[in-house]
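Q: I'd like to learn how to read a few features of a model, taking them one by one. Could we start with charged pairs?

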Amino acid sequence: MIVFVGAGPGAEDLITVRGQNYLQEADIIIYAGSLVNPKLLDAKKEDCTVYNSARMTLEEVLEVMVRGEREGKRVVRLHTGDPCLYGAIKEQMDALKQEGISYEICPGVSSFCGAAAALEAEYTLPGISQSVVITRMAGRTPVPERESIRGFAAHQTTMVIFLSTGMLADLSKELTAGGYPGDTPAAIVYKATWPEEKVCRCTIDSLEATAEKEGITKTALIVVGRVLDGEYTRSELYNPAFTTEYRKASKEVKSNE
């Protein structure tokens, strides 16, 4: 069995218990060395063989996987965050299927969750935003035109933008062209949950200047939206005047309405 494991956002203790168990049992670990915290490898067995996929091609990664499986070894493919986001796992899974090799996926905590924790933010504040757009600027990997930053910005909802720290001037232009005012709150979260985590609050207009001032060029998420303002409507879920399946509305509150 080959297991794709989400390593979590960075901090070594934010991998899931299941993911940690897989690491401890692995005979072979192939990890995304450019992004995964190497301290996670401290959990491996003494005789475990480790490969850094940052230095490998897809074909080389697959060769290690297939050979390990054929030799009856337990193989862990360790991806940053949760593998479902920008993890390039589909091409790996399809290749394994062609080889008749079974696999499973162990989910992880995504860095966009780590960024929210660092910001002490709730992405879905009542009256402000009830949706989160997770996207990226087009780079070497293109983005479909229908999913442009400009198009998503028209919705004025919370946006979490990956893989775009080196294109902040263009990002600001696209966000404002889509309808966000230039003074819309934004934040650059560098290496969320890592020991060197840095949170830089700014506005859409000052994204590039803020990154330059702080020396941030990569490994950061951009968060945009009024949820960073601090203003919102109280949730009805815990409102004493609101009846739920588990709690009746307070009679006192209802009589005073």
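This is a predicted model: local features need pLDDT of at least 70, side-chain atom pairs count only at pLDDT 80 or more; totals for chains, interfaces and linings use all residues.

Q: How accessible is Arg226?

A: Arg226 is partly exposed, its relative accessible area being 32%. On this scale buried means under 20% relative accessible area, exposed means over 50%, and partly exposed is what falls in between (1.4 Å probe, protein chains only). Arg226 forms a salt bridge with Asp229, with 3.3 Å between the closest N and O atoms. Asp229 counts as partly exposed too, at 40% relative accessibility.

Q: Where do Arg67 and Glu63 sit relative to each other?

A: They are four residues apart in helix α2 (residues 58–70), so about one helical turn separates them. Helices here are DSSP runs (H or I, at least four residues), strands are runs of E (at least two), and numbering goes from the N terminus. The closest N and O atoms of the Arg67–Glu63 salt bridge are 3.6 Å apart. Arg67 is partly exposed at 35%, and Glu63 is partly exposed at 49%.

Asp94 is partly exposed at 29% relative accessibility, while Lys90 is exposed, with a relative accessible area of 52%.

Q: Now the sheet. In what order do the five strands come?

A: In general, strands of a sheet pair through backbone hydrogen bonds, either parallel or antiparallel. Here two strands pair if DSSP finds at least two bridges between them. The five strands form an open sheet in the order β3-β2-β4-β1-β5, with parallel pairing. β3 (49–52) and β5 (103–106) are at the edges with a single partner strand each, so one side of each has no neighbour in the sheet. From one strand to the next, the twist averages 20°; axes for such angles are lines fitted to C-alpha atoms (for helices, over the stretch in contact), and angles run from 0 to 180 degrees between N-to-C directions.

Q: Which residue stands opposite Ile30?

A: Tyr51, in β3. Strand β2 (residues 28–31) and β3 run parallel and are joined by four bridges.

Q: How should I read the pairing of domains?

A: Interface size is often given as the accessible area lost when the parts come together. The domain assignment gives domain 1 (2–106) and domain 2 (111–228); such bounds come from an automatic or database assignment. Their C-alpha centres lie 28 Å apart. Ten residues of domain 1 are in contact with eleven residues of domain 2, contact meaning heavy atoms within 4.5 Å. The area buried between them is about 810 Å², with 72% from carbon and sulfur atoms; buried area is the accessible area (1.4 Å probe) that two parts lose on being put together, summed over both. Pro9, Leu85 and Tyr86 supply 63% of what domain 1 buries against domain 2, more than any other three residues. The count of salt bridges between domain 1 and domain 2 is zero.

Q: What about the backbone of Tyr86: what is its phi?

A: Most residues other than glycine have a negative phi. Tyr86 has a positive one, near 55°. Tyr86 sits in the loop between β4 (75–79) and α3 (90–98) and is partly exposed at 38%. Glu120 also has a positive phi, near 55°; Glu120 lies in the loop between α4 (111–119) and β6 (132–136) and counts as exposed at 75% relative accessibility.

Notes: Residues are numbered from 1 along each chain as its sequence is written. Side-chain values use heavy atoms; hydrogens and water are left out. A salt bridge is a side-chain nitrogen of Lys or Arg within 4 Å of a carboxyl oxygen of Asp or Glu.
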